[in-house]
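Thanks for making time this morning.

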Amino acid sequence: MIDVLIVGGGVAGLSAAARIAPFASVTVLEAEDSLGYHATGRSAAIFLKDYGNDVVRALNYASEDYLHDQALLKERSMMMLGKHSEQEAFEAEYPSFNMEQISIAEAQTKFPILNPARVGFAGYREDIHDLDTDLMVQGFAKAARTDGAEIETTARVQDISRSPTGWTVRTDTKTYAALTLVNAAGAWADQVALMAGVQPIGLQPFRRSFAQLAAPGGHDMTGWPFVDGVNEAWYAKPSAGKLLVSPSEEDPLAPCDAYADDMVLAEGLARYEEMVTEPVTRPETTWAGLRSFAPDRALVIGRDAAQPNFLWCAGQGGYGFQTAPAASQLLADILADQKSLLPPEVIKALSPARFS
């Protein structure tokens, strides 16, 4: 009998396993043949504390020390650009990210391909970071295994039933018995809940696409910022000598192995291209991931209101990596019946009980 069975081998499930394994027996089930295959492996890999609603930001801030202590962050900066016609939208948005407005001339020194004929407004802040997502996933997996957790890949859940002592979970090849079930299944979390006879919470996966471009004009992008269009019309991020550009779309999809929509990507690249002086070349590669949100766009962390031995760790949206340290610690505190360092109002706002 396993103490805690976690469904989902992305950053949510692995971070939960790492936090829980020191005081309970843990097994993680990942449907794919590798860890972090879906949303986890397709992240923009940025740590921006002032991103998301107030509940999400509380988790971001609570995660910061861990991310620094584990050397998972590398200095970046962030710039927001608005067209001449977007003054009202720009002035409403850039303060929400704690940016300061800078001149177009100064913005050009930081982002040399900026097109002043199109860009009328620029905001900037220094304390944004790249996040080493691979190292973070590996670190959580290693920590979990070190404390005795079992991590199974190619273990797609086929059936979940209640037992007198907890849960019986069947995959294609094996059956597991567990006292407690943690639902960290990302876009599939509502489906896992339905299999377990638990009321779903209304998660909606949304597609987010990316294109990888060669360095524009052969520029050295080492010191360039992460650049965001007003109202997230697009964003661009230097990464390992390439430029990642996203149309920042939110197209609702059923849970799936997402792929980029060529037309959506082309439209997003066109929005980016009109703000810069270098033309877009043919993308070297494209991909997409799913960002799954609860109806109120806050994470769902804690015991199900009707089934207390079924815990949710879901609804990470676009904040999975930057909230994982604090979210997983909260989950472990709930399981261990320990007091959390998070404010009570944040814990309440994260609880699945808000949907009951």
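Arg297 is partly exposed, with a relative accessible area of 29%, where partly exposed covers what lies between buried, under 20% relative accessible area, and exposed, over 50%, with a 1.4 Å probe and protein chains only. Before I go on, please keep in mind that this is a predicted model, in which local features need pLDDT of at least 70 and side-chain atom pairs count only at pLDDT 80 or more, while totals for chains, interfaces and linings use all residues. Residues are numbered from 1 along each chain as its sequence is written, and side-chain values use heavy atoms, with hydrogens and water left out.

Which residue does Arg297 form a salt bridge with? The partner is Glu250, with the closest N and O atoms 2.7 Å apart, and by salt bridge I mean a side-chain nitrogen of Lys or Arg within 4 Å of a carboxyl oxygen of Asp or Glu. This pair links distant parts of the chain, since Arg297 sits in the loop between β16 (285-293) and β17 (300-303) and Glu250 in the loop between β14 (242-246) and β15 (251-252), 47 residues apart. The helices (H or I, at least four residues) and strands (E, at least two) that I name are DSSP runs, numbered from the N terminus. Glu250, for its part, is partly exposed at 31%.

Arg354 forms a salt bridge with Asp296, and here the closest N and O atoms are 2.6 Å apart. Arg354 lies in the segment after α9 (344-350) and Asp296 in the loop between β16 and β17, so this pair ties together parts that are 58 residues apart in sequence. Both partners are partly exposed, Arg354 with a relative accessible area of 24% and Asp296 with 36%. Elsewhere, salt bridges that share partners join Asp50, Arg57, Arg125 and Asp127 into one network.

Let me turn to helix α5, residues 133-146. Its end C-alpha atoms are 20 Å apart, which agrees with the 20 Å that 14 residues should span at 1.5 Å a residue, the expected span being 1.5 Å times one less than the number of residues. Which residues of α5 are buried? They are Thr133, Met136, Val137, Phe140, Ala141 and Ala144, and seen down the helix axis they fall within an arc of 125°, so they line one face of α5; the arc is that of the directions from the axis to the C-beta atoms. The buried residues of α5 pack against α1 (11-20), α2 (54-69), β6 (119-131), β7 (150-152) and α8, with contact meaning heavy atoms within 4.5 Å. The face turned away from them carries the exposed residues Asp134, Gln138, Lys142 and Thr146.

Finally, helix α8 itself, where Ala327 is found. Ala327 is buried, with a relative accessible area of 4%, and it touches Leu59, Leu299 and Ile301, not counting residues up to four places away in sequence. Gln316, in the loop between β18 (310-314) and α8 (320-336), counts as buried at 12% relative accessibility. Leaving aside its neighbours within four places in sequence, Gln316 is in contact with Ala12, Ser292 and Leu299.
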